[in-house]
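This report covers pockets and helix packing in one protein model. The sequence and structure come first.

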Amino acid sequence: MTTEGYVLLGDIISSKKINDRAKFQEKLIEVCNVINQTHENDLIAKMKIIKGSDEIGCLLKSLSPLYNIINGILADLYPIKIRFVLVYGKIDTGFATNDISQMDGPAFHQASQLMDDLKKDKLIFKMTTSNKIWDTLISNNINLIYILKKKWSPTKIEIIRAYEKWNDQKKVAKELDISQQTVSYHIKSSNWKEIKKMEKELKLSLQSLGSA
């Protein structure tokens, strides 16, 4: 039986340079489990490792959770980087198993080719569906946000994550034992407010596309 679906694959960047691969695999399994719990109702096939410690994948019901999943994995695996491709296409093997590692078909072959193209582009996301205009707009938005965040230092990331957790500069300053001025500086210099607005609008766009 042939069906169609949203195949999302992730490929670890420079995986051969990871020193403790066993420890990293444990971390990767943990990250996949978090995604599966958080997005239980969004997945047809759960996120899991499908090629050693180099590649992960899942099957989405729609585009709605796409950015949340990608952003969550990138944040949890930091400083390890990962690139993603999404393809809406035909799956002719293993769909009934609900196991991404048992599935195959044109969508997976296309995703593999797309991943090769992405490696050459040195970006972190590319997608192809039936709507080429949306493919370009969504891909460009995700890559742009990533490029902006890539400039954040480890200190800036720590402060921003704390601020996103507590939404209170004074509390962040107290918890991290730094001045409020330092917190304010890092939030402003990171363009955090502007990026959050971009992320919000991106998520709304993905939700509006739904499963179409």
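## Second largest pocket

The lining of the second largest pocket consists of 7 nonpolar, 2 polar and 6 charged residues. Here Ala, Val, Leu, Ile, Met, Phe, Trp, Tyr, Cys and Pro count as nonpolar, Asp, Glu, Lys and Arg as charged, and the others, Gly among them, as polar. H3 gives the largest share of this lining, 6 residues. At least two residues each come from strand S1 (3-12), strand S2 (43-51) and helix H3 (106-121). Helices (H or I, at least four residues) and strands (E, at least two) are DSSP runs, numbered from the N terminus.

The volume of the second largest pocket is about 290 Å³. Leu9, Ile50, Lys51, Glu55 and Ser112 are the closest to its centre among the 15 lining residues. A pocket is an open set of points on a 1 Å grid over the protein atoms alone, where a 1.4 Å probe fits, with protein on both sides within 12 Å along at least five of seven lines; lining residues have an atom within 4 Å of a point. Grid points are joined across faces, edges and corners, and the volume is the space filled by probe spheres set on them.

## Basis of the model

The model is predicted: local features need pLDDT of at least 70 and side-chain atom pairs count only at pLDDT 80 or more, while totals for chains, interfaces and linings use all residues. Residues are numbered from 1 along each chain as its sequence is written, and side-chain values use heavy atoms, with hydrogens and water left out.

## Largest pocket

The largest pocket holds about 770 Å³ of space. Its lining has 32 residues, with Asn71, Leu74, Ala75, Lys149 and Arg161 nearest the centre. Two or more lining residues come from each of helix H1 (21-38), H2, helix H4 (132-150), helix H5 (154-166) and H8. H2 supplies the largest share, 8 residues. The lining comprises 18 nonpolar, 5 polar and 9 charged residues.

## Helix packing

Helix H2 (residues 66-77) packs against helix H8 (residues 192-209) at about 135°, with the axes 8 Å apart. Axes are lines fitted to C-alpha atoms, for helices over the stretch in contact, and angles run from 0 to 180 degrees between N-to-C directions. H2 and H8 are therefore oblique to each other, since angles under 35 degrees count as roughly parallel, over 145 as roughly antiparallel, 65 to 115 as roughly perpendicular and the rest as oblique. Leu66, Tyr67, Asn68 and Asn71 of H2 meet Glu199, Leu202, Lys203 and Leu206 of H8 in a contact (heavy atoms within 4.5 Å).

H5 and helix H7 (residues 180-189) pack at about 100°, with axes 9 Å apart, which makes H5 roughly perpendicular to H7.
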